[in-house]
Amino acid sequence: MSKIPKPNEPLVTHIFTADPSAHVFEGKIYIYPSHDLVHDQPSNDNGDQYAMEDYHVLSLEDFNSPCVDHGQVLHVKDVPWAKKQMWAPDAAYKNNTYYLFFPARDHDDIFRIGVATSSSPAGPFTPQDHYIPGSFSIDPAVFIDEDQRAYMYFGGLWGGQLEKWQTGTFKPDAEGPDKNEPALGPMVAELNEDMLTFKEKPQEISIVDEQGNPLLSGDEERRYFEGPWLHKYNDYYYLSYSTGTTHYIAYAISKNPKGPFVYKGTILKPVIGWTTHHSIVKFEGKWYLFYHDCSLSGGLNHQRSVKYAELRYNEDGTIQTIDPYQD
Ligand code: FUB
């Protein structure tokens with residue numbers, strides 16, 4: 001049990017947590033983060049420093065209550081197909097079941113996305129024997145629309161291997177598009193009713209500017225890098241994501257859950273640390289951003305802490321940019 005977390009302060013301080021996916025389940029806020037470990041792995045663009053092995057679930061009764069750590073809910077040693085690097089997870093509820101979606105490297109060192117199930121939002125979760133057939137790369141985010149159709153958004157560059165799948169098969173030496181070519185977008189696939197398999201082949205999402213031109217690979221302030229999240233506000237789908245090398249959480253909107261999405265702006269300014277990763281959730285009539293930074297660890301990129309801030313919309317549906325060190 002920790003003290004009552006204030007905005008822009010770590011939700012918990014007894015462990016390092018990152019990549020928060022927040023949802024309201026059973027009237028409470030449940031947060032599904034990565035669990036960062038203290039270790040001496042080398043730091044590189046391949047992400048070897050993110051050597052996570054398990055997941056914990058956190059919850060908040062509301063924003064006036066301490067954050068509860070429900071303990072370890074899944075470990076890599078219990079996932080038959082996974083070898084290492086339990087990266088950013090997400091969760092969803094359907095069929096009277098809670099689903100935990102998570103990426104990890106398989107025994108060939110290729111990132112795949114798996115599923116584990118539970119009867120409780122707090123876990124523990126029982127993994128499927130195999131990863132989702134046809135899944136690849138990292139950072140699953142599952143959105144269930146008002147019509148109950150479920151979509152998985154996923155994909156991340158560099159350590160997340162997205163650029164290695166441009167031909168539809170894994171090419172270990174493939175690089176991203178040239179600076180003047182359209183940037184790679186995140187992937188989306190509708191899930192079957194069972195929530196364990198894709199209903200269709202994943203397709204790439206296009207993110208365009210106000211003129212309808214695709215964002216270019218060299219447009220690092222705006223183009224997609226990793227960490228997609230999807231929420232709906234006033235009948236628009238909002239796709240938000242990390243720009244990676246420029247460290248923003250940016251967003252784009254569409255009338256269709258598969259896009260194309262029109263770039264709109266920045267939700268979160270750069271945080272302390274290299275990665276930035278977020279989720280957006282509505283609770284008791286207000287909207288909240290969950291994110292992480294490395295302030296507690298003194299800037300160690302692989303030791304991050306989950307925080308929250310209130311998120312506000314303007315009248316025209318645009319989102320006010322959050323400065324996590326000033327608001
Ligand atoms: O936590 C490992 C990776 O770092 C995540 O999958 C990315 O989104 C980035 O936050």
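**View 1. The largest cavity has a volume of about 40 Å³.** This is a predicted model, where local features need pLDDT of at least 70 and side-chain atom pairs count only at pLDDT 80 or more, while totals for chains, interfaces and linings use all residues. Residues are numbered from 1 along each chain as its sequence is written, and side-chain values use heavy atoms, with hydrogens and water left out. A cavity here is a set of points, on a 1 Å grid over the protein atoms alone, where a 1.4 Å probe fits but cannot get out. Its volume is the space filled by probe spheres set on the points, which are joined across faces, edges and corners. The structure holds one cavity of 30 Å³ or more.

**View 2. Here's what lines the largest cavity.** Sorted by class, that's six nonpolar, two polar and one charged (Ala, Val, Leu, Ile, Met, Phe, Trp, Tyr, Cys and Pro are nonpolar; Asp, Glu, Lys and Arg are charged; the others, Gly among them, are polar).

**View 3. Now for the residues around the ligand.** Among them are Met52, Trp87, Ile138, Glu226, Thr275 and His292, where being near takes a heavy atom within 4 Å. The whole shell divides into four nonpolar, three polar and four charged residues.

**View 4. Polar side-chain atoms of Asp19, His277 and Arg304 face oxygen atoms of the ligand at these distances.** For Asp19 it's 2.5 Å, for His277 2.7 Å, and for Arg304 2.7 Å. Taken alone the ligand exposes 280 Å², and the protein buries 99% of that (accessible areas by the Shrake-Rupley method, 1.4 Å probe).

How values were computed
On a 1 Å grid over the protein atoms alone, a cavity is a set of points where a 1.4 Å probe fits but cannot get out, and a pocket is an open set with protein on both sides within 12 Å along at least five of seven lines; lining residues have an atom within 4 Å of a point. A polar contact is a pair of N or O atoms within 3.5 Å; within protein, one must be able to donate a hydrogen and the other to accept it, and residues adjacent in sequence count only if both atoms are side-chain atoms.
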